[in-house]
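Try each task with the structure open, then compare your steps with the solution.

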Amino acid sequence: MERIIAARYGLLILPTSLNAIPTREYHKYRPKFTRTEGVTIEEHLESFYSYADNLEISEDDVWMRVFVQSLDGEARKWFRELTPRSITDIEALDDAFLKHWGDKKDILYYHTEFGNLKRENGELLSDFNKRFNHMYNKIPAKVKPTTTSTKLTYANAFDSDFCLLLRERGCVTLADM
């Protein structure tokens with residue numbers, strides 16, 4: 001059994017006495033990340049965190065082992081190619097995962113994409129707001145646009161009449177807008 005654990009989790013630094021992984025049918029609800037199914041890194045992490053929270057996983061070794069089990073295909077291959085015993089804790093695993101699989105776009109990309117957002121014909125306002133917030137949240141914190149700039153970008157994403165109405169309201173926050 002120890003050889004199986006060493007082969008599967010040899011890249012993790014785990015305690016000698018491992019805590020039990022949740023059993024039963026929980027594994028069938030575990031999110032999978034392959035990078036080929038259109039699931040973004042952020043979406044996978046969010047769904048995995050929810051999954052771990054629902055199972056009330058609080059032990060680091062369990063969290064890391066279950067997270068590794070959520071990797072499949074190219075992502076699992078990447079994990080197996082890491083330096084043995086190089087992952088010391090949850091944060092190190094998250095960092096390595098994000099650095100490898102996260103967006104590697106430059107700052108100009110984010111500002112250009114954000115500035116070019118437009119509400120599509122027939123798109124529900126709630127759907128556009130989700131898309132707008134998703135793009136805004138992808139911008140690294142150190143280069144996020146100012147509140148005023150964000151409000152202007154939001155207003156300009158609509159047709160000219162609606163844009164003018166939004167700008168004339170003089171809302172203090174984006175949420176108010």
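Predicted model: local features only at pLDDT ≥ 70, side-chain atom pairs only at ≥ 80, totals over all residues.

**Exercise 1. A loop residue**

Is Glu 56 buried or exposed, and where is its place?

Solution. Step 1: with a relative accessibility of 67%, Glu 56 counts as exposed. The scale is simple: buried means under 20% relative accessible area, exposed means over 50%, and partly exposed is in between, with a 1.4 Å probe and protein chains only. Step 2: Glu 56 sits in the loop between helix H2 (41-54) and H3. Helices (H or I, at least four residues) and strands (E, at least two) are DSSP runs, numbered from the N terminus.

Residues are numbered from 1 along each chain as its sequence is written, and side-chain values use heavy atoms, with hydrogens and water left out.

**Exercise 2. The overall picture**

How many helices and strands does the protein have, and what percentage of its residues count as buried?

Solution. Step 1: the secondary structure comes to 9 helices and 0 strands, and the pattern along the sequence is α-α-α-α-α-α-α-α-α. Step 2: 34% of the 177 residues count as buried. Step 3: the accessible surface is about 11400 Å², and 51% of it belongs to carbon and sulfur atoms; this area comes from the Shrake-Rupley method with a 1.4 Å probe, and for residues only the protein chains shown count as cover. Step 4: for contacts (heavy atoms within 4.5 Å) with a separation of 6 or more, residues 24 or more positions apart account for 60%.

**Exercise 3. Helix H3 and its partner**

Solution. Step 1: the buried residues are Asp 61, Val 62, Trp 63, Met 64, Arg 65, Val 66, Phe 67, Val 68 and Gln 69. Step 2: because 9 of the 10 residues of H3 (residues 60-69) are buried, this helix is largely enclosed by the rest of the structure. Step 3: H3 packs on H5 at about 25 degrees, with the axes 10 Å apart. That angle makes the two roughly parallel. Axes are lines fitted to C-alpha atoms, for helices over the stretch in contact, and angles run from 0 to 180 degrees between N-to-C directions; under 35 degrees counts as roughly parallel, over 145 as roughly antiparallel, 65 to 115 as roughly perpendicular and the rest as oblique. Step 4: Asp 60, Trp 63, Met 64, Phe 67 and Val 68 of H3 meet Ile 90, Leu 93, Asp 94 and Phe 97 of H5. Step 5: sorted by class, this contact has 7 nonpolar, no polar and 2 charged residues. Here Ala, Val, Leu, Ile, Met, Phe, Trp, Tyr, Cys and Pro count as nonpolar, Asp, Glu, Lys and Arg as charged, and the others, Gly among them, as polar.

**Exercise 4. Helix H7 between two contacts**

At what angles does H7 pack with H6 and with H8?

Solution. Step 1: H6 (residues 107-115) and H7 (residues 125-138) pack at about 160 degrees, with their axes 9 Å apart. H6 is therefore roughly antiparallel to H7. Step 2: the contact is built from Tyr 109, Tyr 110, Glu 113 and Phe 114 of H6 and Phe 132, Met 135, Tyr 136 and Lys 138 of H7. Step 3: by class, that contact of H6 with H7 has 6 nonpolar, no polar and 2 charged residues. Step 4: H7 and H8 (residues 147-156) pack at about 145 degrees, with axes 12 Å apart. Step 5: here H7 contributes Leu 125, Phe 128, Asn 129, Phe 132 and Tyr 136, while H8 contributes Thr 150, Thr 153 and Tyr 154. Step 6: the contact of H7 with H8 has 5 nonpolar, 3 polar and no charged residues.
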